[in-house]
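This report looks at aromatic ring pairs and their surroundings. Please view the sequence and structure first.

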Amino acid sequence: MGDKPIWEQIGSSFVQHYYQLFDTDRTQLGAIYIDASCLTWEGQQFQGKAAIVEKLSSLPFQKIQHSITAEDHQPTPDSCILSMVVGQLKADDDQVLGFHQTFLLKSLQGAWVCTNEVFRLALHNL
């Protein structure tokens with residue numbers, strides 16, 4: 001991992017941590033957000049740590065497993081990291097679905113937090 005740029009190392013570590021928490025205990029995701037964080041989940045807007053965790057905790061499945069296909073990370077001019085993830089998820093006994101998720105990460109007080117996040121299932125609207 002040492003041969004990758006630092007933003008790729010941080011982005012990859014964040015993605016691994018995020019999906020590990022999401023798949024095991026979504027209520028613990030609050031630690032990665034701040035009160036100014038924004039989430040767009042399938043077109044629905046949520047702002048603030050409490051609203052985001054409430055949304056993610058109330059999703060209508062008991063178990064979920066994510067499989068990451070690809071992830072890309074870029075540094076931004078204002079010292080943030082933009083991360084895009086493509087993968088598949090399986091919730092309960094539903095079929096496997098593709099998804100896309102984008103995160104904007106910012107270093108605050110020595111910790112990386114998610115200030116912005118966008119999630120969409122990879123479904124085609126016909």
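Is Phe99 buried or exposed? Phe99 counts as buried, because its relative accessibility is 0%. Buried means under 20% relative accessible area, exposed over 50%, and partly exposed in between, with a 1.4 Å probe and protein chains only.

This is a predicted model, where local features need pLDDT of at least 70, side-chain atom pairs count only at pLDDT 80 or more, and totals for chains, interfaces and linings use all residues. Residues are numbered from 1 along each chain as its sequence is written, and side-chain values use heavy atoms, without hydrogens and water.

The whole structure holds 10 aromatic pairs. Rings of Phe, Tyr and Trp (its six-membered ring) pair if their centres lie within 6.5 Å; planes under 30 degrees apart count as stacked, over 60 as edge-to-face and the rest as tilted. Two pairs follow.

| Pair | Centres | Planes | Class |
|---|---|---|---|
| Phe14 and Phe103 | 5.2 Å apart | 70 degrees | edge-to-face |
| Phe99 and Phe119 | 5.9 Å apart | 25 degrees | stacked |

Phe14 sits in helix α1 (residues 6–24) and Phe103 in strand β5 (residues 97–108), so their pair ties together parts 89 residues apart in sequence. Helices (H or I, at least four residues) and strands (E, at least two) are DSSP runs, numbered from the N terminus. Both Phe14 and Phe103 are buried.

The other pair also links distant parts of the chain: Phe99 is in strand β5 and Phe119 in strand β6 (residues 111–121), 20 residues apart. Phe119 is buried, at 3% relative accessible area.

Ring pairs join Phe14, Tyr18, Tyr19, Phe22, Trp41, Phe99, Phe103 and Phe119 into a cluster.
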